[in-house]
Amino acid sequence: MKLLISAFVSALVFGIGLGIAGMTLPAKVIGFLDITGNWDPSLAFVMVGAIAVHAVSYRLITRRTSPILTTKFQVPTRRDLDFKLLAGSFVFGIGWGLGGFCPGPALVSAITLHPAVIVFVVSMIAGIYLNHLVSKLGQKGG
Amino acid sequence: MDLGSLVQPLIGGILIGVSASMLLLLQGRVLGVSGIVGGVAIPKAGDTAWRVAALLGMLAAGGLLWLVAPETLNVTAEGPVWRYVIAGLLVGFGTQFGSGCTSGHGVCGISRLSPRSIVATLVFMAGGMITVALFRMLGGVP
């Protein structure tokens, strides 16, 4: 139960942060990506603020032997670059530039029931299933 | 771009960083939205409940923002439906294939100096910027 509450509250704060940051405004996101046009770099400060806090916290927190509610840290450890990382990230970037949404802001904006958001979220889920299908096919062929 | 317009992104970013630190400290997990959504769409036994809670947290954040600061959810997303279908598909597929998005790679990954995340972030930023630039070049209004 505590795990559920802590996940809920963390995500709630996260979502509020996205809203205050302006990440939920697709026009602002595209403005940030519009380096050859009307460039609005202000969203860069979202990452600056987030990393400034989290980079320091990360070091302090992972000095502990365990998290507060669970027995171990589950942080990715891979350090290699591979085709999937590069291709997947690039494809994500294209979608982000096309729609002005990334996953978090789209979900936070869902309450507006704006058709673009709903269409995006449904399509995003379809894209997730598509990846799942592709990975399963890859397993069978390999 | 005046200094005042950087305050909100910075504060939003700080909240995002705080939320990621919360989840890490409490549960030892990375706050990566694409991982959360992917893990709900394709559930894994024993690893889904916290993701559902996080998803609900993001939706709740949307509700809260909608009530107290609806201007943060001003979705100015014009354009044909297909634009958001393709954007959603690419974001959904790409984030799974590439193992992360702006929160997982951009905030959490970079904070722990993960080479994978640093590269992923550069790549998806490039993908977004190229896409918007191309959109402009082809005469569209991004």
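A residue counts as buried when its relative accessible area is under 20%. The model toured here is predicted.

**Stop 1: chain B as a whole**

Select chain B. It has six helices and zero strands, so its elements, read from the N terminus, run α-α-α-α-α-α. Along the principal axes, the C-alpha atoms of chain B fill a box of roughly 50 × 35 × 30 Å. Of its 142 residues, 56% count as buried. Chain B exposes about 5,700 Å², and carbon and sulfur atoms supply 75% of that area. Among contacts in chain B with a separation of 6 or more, 31% are accounted for by residues 24 or more positions apart.

**Stop 2: the interface**

Now show chain A together with chain B. Here 103 residues of chain A are in contact with 105 residues of chain B. About 9,300 Å² is buried between the two chains, with 78% of it coming from carbon and sulfur atoms. Select Phe14(A), His54(A) and Leu98(A): they supply 8% of the area that chain A buries against chain B, more than any other three residues.

Two salt bridges are found across the interface of chain A and chain B. For a salt bridge, pick Arg136(B) and Asp34(A), whose closest N and O atoms are 2.7 Å apart.

**Stop 3: Ser109(A)**

Go to helix 5 of chain A, residues 103-109, and select Ser109(A). Is Ser109(A) buried or exposed? Its relative accessible area is 0%, so Ser109(A) is buried. Show what lies around it: leaving aside neighbours within four places in sequence, Ser109(A) is in contact with Thr24(A), Phe101(A) and Val117(A), and also with Leu73(B) and Val75(B).

**Stop 4: the nonpolar core**

The largest nonpolar core has 59 residues. Those that touch the most other members are Met23(A), Trp96(A), Phe120(A), Leu31(B), Val33(B) and Met58(B). Centre on Met23(A). Not counting residues up to four places away in sequence, Met23(A) touches Leu18(A), Val29(A), Leu43(A), Val46(A), Trp96(A), Cys102(A) and Pro105(A).

**Stop 5: a nonpolar patch on the surface**

Switch to a surface view and select Phe90(A), Ile130(B), Leu134(B), Met137(B) and Leu138(B). These residues form a nonpolar patch with about 540 Å² of accessible area together. Helix 6 of chain B, residues 115-137, gives the largest share of the patch, three residues. Leu138(B) sits in the segment after helix 6 of chain B. With a relative accessible area of 71%, Leu138(B) is exposed, the cut-off for exposed being over 50%.

How values were computed: Residues numbered from 1 in each chain as written. Chains lettered and ligands numbered in written order. Predicted model: local features only at pLDDT ≥ 70, side-chain atom pairs only at ≥ 80, totals over all residues. Heavy atoms only, no water. Helix = DSSP H or I, 4+ residues; strand = E, 2+ residues; numbered from the N terminus. Buried < 20%, exposed > 50% of the residue type's maximum accessible area, 1.4 Å probe, protein only. Contact = heavy atoms within 4.5 Å. Core = buried A, V, L, I, M, F, W, Y, C linked by side-chain atoms within 4.5 Å. Patch = residues over 30% accessible without salt bridge, like charges linked within 9 Å, V, L, I, M, F, W, Y side chains within 5 Å. Areas by Shrake-Rupley, 256 points an atom, 1.4 Å probe, with all protein chains shown as cover. Salt bridge = Lys/Arg side-chain N within 4 Å of Asp/Glu carboxyl O. Buried area = accessible area lost by both parts, 1.4 Å probe.
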